[in-house]
Amino acid sequence: MVNFYGFLPKKGFIGFIKTNQVRRLNTQDGLTLSVDKFIILEDYLVSVFPNSLYVMPKNNTLFKAFKTSKVWITSVQINDKDTVVNTNYNLPYDYNKLRFDFNSNGFQSNKHVSYKYRIKPIDTTWRNVPLNTHFVVFNSLSSGDYTFELQGKNISSKDVQFASPITFTIAKPFWETYWFYSLVIATIIGLVWLYFRWRLQQKEAQRIAEVDKILIDKKITNLRLENLRSQMNPHFIFNALNSIQDYIISNEKELASSYLVKFSRLIRMYLDYSQQNEITLEEELNALKLYLELEKVRFEDELEYTISVDNQLKTKQIKVPSLFIQPYVENALKHGLLHKLNDRKLHIEAKIIQQNKLEITVEDNGIGRAQSEKLKRPNQQHKPFATKANEERVHLYKNKLKRDITITTNDLYDENDVAAGTKVVITMPIH
């Protein structure tokens, strides 16, 4: 029985009526030209080409048995730079663009070998690589562990070849690492701790400041009371009452009444001002005027005093420590002018100096401090009570309340270098 071989319309295919099989002849079988026709003989098959013919035996050796050649990865690129092909890579977080090039041996393998790949754990199934494509690119992979797997298969074969897998690890950026989280948490805890510590220190400092303020207020109050006690000393009150008594005895009722009114007003001023840390410059000067009017009587009108105020001074607004100037006026009267027989002069001046400061001057033409010290009794060799209290007040204002008050005392001399009085200069910022 003769087998029948027939040419099918689809170029390159041969049909077997006997076996009911269709086999494809292609370039791998050596079929490089179009076949015009077949001549079928008993034992051979003749393929006729335009300029030649082939005689092929009619048996199983007519078709080749194809196998897939070995598949391997030819190159690896990281961030578009070639690198040595290894089975394992450890990469920084920003080295996350990878390209794998691959190939397979064999005649025209690029046309007859199909490839599939997967990258675990992203892919769970194999992905096809387009025919004639021999590379795979992964852009911007996230951090983690990966395995790249590749397989190839000849389209005329059933067997599959696997390339050696490549594993690579892309490190996490530093802001996603545990040590960075730990550092951030530790920093937050540290900042919270520092904040609460700072708050506690603030509260403690505030408490200490409040205690200091209470102590300072108490100290200033005590000093004010000491000032008041010095200004309301028994001698002053006794002299004032004696003057009133003399007016009454002399039947000078109007003078007695006027003196008594001034004295009561001064006492009331002392009591009112002693309850305040600061009073206006006008209130301070009014108390001085009233005090000097009463003291002038004690000096039997042998006292000439003047109080001059700079026109630029807003005496109703400027604040000064209460009853602060009077102790120096009292010292000028008691220790400088009292021992002078005539021509007793006292000048008080208030004016603005540089840097917006108030300067108050108390100047007398008395016997001077040196001569006054000689006239003191042995048990009186110490600073006047009110002056000492004022110095303590100055220390408190300067160091605790940050108000710079300075007091300087100068001895005055005439052209013959003889003591001609004392000058006290008080400077303080206008407040």
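Analyst: Two strands pair if DSSP finds at least two bridges between them. Strands here are DSSP E runs of at least two residues, helices are H or I runs of at least four, and both are numbered from the N terminus. This is a predicted model, where local features need pLDDT of at least 70, side-chain atom pairs count only at pLDDT 80 or more, and totals for chains, interfaces and linings use all residues. Residues are numbered from 1 along each chain as its sequence is written, and side-chain values use heavy atoms, with hydrogens and water left out.

User: In which sense do strand 11 and strand 14 pair?

Analyst: Antiparallel. Strand 11 covers residues 113–120, strand 14 covers residues 144–154, and eight bridges link them. Take Tyr115: its bridge partner in strand 14 is Gly152.

User: Which residue of strand 12 is the bridge partner of Tyr117?

Analyst: Arg127. Strand 12 (residues 127–129) pairs with strand 11 over three bridges, again antiparallel. Six residues form the hairpin that joins strand 11 to strand 12. In general, side chains in a regular strand alternate between the two faces of the sheet.

User: Now packing. Which residues touch the most other members of the largest nonpolar core?

Analyst: Start with burial: buried is under 20% relative accessible area, exposed is over 50%, partly exposed is in between (1.4 Å probe, protein chains only). A nonpolar core is a set of buried Ala, Val, Leu, Ile, Met, Phe, Trp, Tyr and Cys residues joined through side-chain atoms within 4.5 Å. Here the largest core has 46 residues, and Leu281, Tyr291, Val329, Leu333, Leu346, Leu358 and Ile426 touch the most other members. Elements giving it two or more residues include helix 3 (234–249), helix 6 (326–337), strand 20 (345–353) and strand 23 (419–429). Another core, of 24 residues, lies apart from it; Ile73, Ile119, Phe148 and Ile166 are among its members.

User: What is Leu346 in contact with?

Analyst: Contact means heavy atoms within 4.5 Å. Leaving aside neighbours within four places in sequence, the contacts of Leu346 include Leu292, Tyr305, Val329, Leu333 and Val362.

User: Why is helix 6 largely enclosed by the rest of the structure?

Analyst: Because 11 of its 12 residues are buried. Among them are Gln326, Glu330, Asn331 and His335.

User: And Val184: buried, partly exposed or exposed?

Analyst: Partly exposed, because its relative accessibility is 32%. Val184 lies in helix 2 (residues 178–231).

User: Zoom out. How many helices and strands are in the protein chain?

Analyst: Eight helices and 23 strands. Of the chain's 431 residues, 36% count as buried. Among contacts between residues at least 6 apart in sequence, 63% join residues at least 24 apart.
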